[in-house]
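Dear colleague,

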Amino acid sequence: MMLFERIVGFRYLKARKRTGFVSVIAGFSFLGIMLGVATLIIVMSVMNGFRDELMGRVLGINGHMAIYPSWGPTIYADDRQIKDLKKIYGVTTAMPVLEGQVMASSELLSQGALLRGIQQEDFKKRPLFVSNYKGKSIDNFIDNQVILGFRLASKMGVHVGEKINLISPNGNITAFGTMPRMKSYEVIGTFDTGMFEYDSNFILMPLEQAQKYLMNEKQLTQIEIFVADMDMLPFIQKEVISKLPRSQTVVDWKHSNSAFFNAIEVERNVMFLILTLIIIVAAFNIISGLIMLVKDKSKDIAILRTMGASRRSIMTIFLIDGLFVGVIGTFAGVLVGISVSYNIEPIRQFLGRLAGQDLFSAEIYFLSQLPSKIDIKEVIAVTTMSLILSFLATLYPSWKASKTDPVEALRYE
């Protein structure tokens, strides 16, 4: 690219009295592209983080696939079946689980909760529970001990070492009807998974104790299976199905959470399309600004043409003007978008303190922190799209400038 074209192009970008309004339009075009690119990167990063956090926490609690009863509320599974499932290639572990609805009661209040019975060794194999556990040693997780979600414990005013009463509807049958079972358990610890639904409703109990309490001895509601490689999940699922009796069926995490994650994916795609419109509008600002610049500089173009400047040189001058705004705006937007995405949680906390309210309520959004995950491929895609739109926006005004007839332009000046 010739030095002459760059000098003239950058000279036209400088604000002067006659062209001040054109420079203002160029400034708004720059801000529009920068904000559009930054907003798109930030929103996509938050959506990616939200999806990955939910997926990681859901799978950390419920497993990659689960065996459920084909009919009836529970299944019978002995130690032999559990061992056979663990021997399947690709399966890291198989965990027997018994769940039941109970009423948790303390001196402060009573509320419904989900009781989940699991084995002590299985609790230790779940990093999501172990890494966020506070309380006595896990080795104390036997007999009449329970572990509560920290939000549930806080709401009920129960601390580690204190007692909590559990009331089960599966009670003893008497002459006066079914009497609910009520029993006290020691709270040995709490867990914080970062998901409001689990932290405010789950109570963990040793599996054998839960079977006795819920009067479902030797019975399970599901067997959760974890795999080493998610890509191998369909093949492992076929192998698991081949080893099950007709009374049991397998459901993987994609099917059990399909509606939820599909909704997130649809929202992500729609947000991408909507926010792309910001960049398109900014590209139209580039077009209008360049058209006004070409009209304002028609006499200069005519003089340059009479001095020997080619049509290609004239077109290049205005391409430089448009691309300068588009390229600088795009990379400024990328810088702002990445910076905000990396610091989204401190920014949320600051804005929350400034506004005096919680801007990301765990009760609504399931997570206690605003997640963010930058996908380099998406950043490259957004940058490329913005640069292409900026280039396309400069083509017509630049071509129009190159077609200016110097004779006609000078005649009417």
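**Aromatic rings and core**

Phe123 counts as buried because its relative accessibility is 0%, where buried means under 20% relative accessible area, found with a 1.4 Å probe on protein chains only. Please keep in mind that this is a predicted model, in which local features need pLDDT of at least 70 and side-chain atom pairs count only at pLDDT 80 or more, while totals for chains, interfaces and linings use all residues. Residues are numbered from 1 along each chain as its sequence is written, and side-chain values use heavy atoms, with hydrogens and water left out.

Rings of Phe, Tyr and Trp (its six-membered ring) pair if their centres lie within 6.5 Å, and planes under 30 degrees apart count as stacked, over 60 as edge-to-face and the rest as tilted; by this rule there are seven aromatic pairs. The planes of Phe123 and Phe129 are at 10° and the ring centres 5.6 Å apart, so this pair is stacked. Phe129 and Phe191, with centres 5.0 Å apart and planes at 75°, are therefore an edge-to-face pair. Because Phe129 lies in helix 5 (residues 127–130) and Phe191 in strand 8 (residues 177–191), the pair ties together parts that are 62 residues apart in sequence; helices (H or I, at least four residues) and strands (E, at least two) are DSSP runs, numbered from the N terminus. Phe129 is buried at 1% relative accessibility, and Phe191 is buried at 0%. One aromatic cluster is formed by Phe123, Phe129, Tyr133, Phe141 and Phe191.

Methods: Buried means under 20% relative accessible area, exposed over 50%, partly exposed in between (1.4 Å probe, protein chains only).
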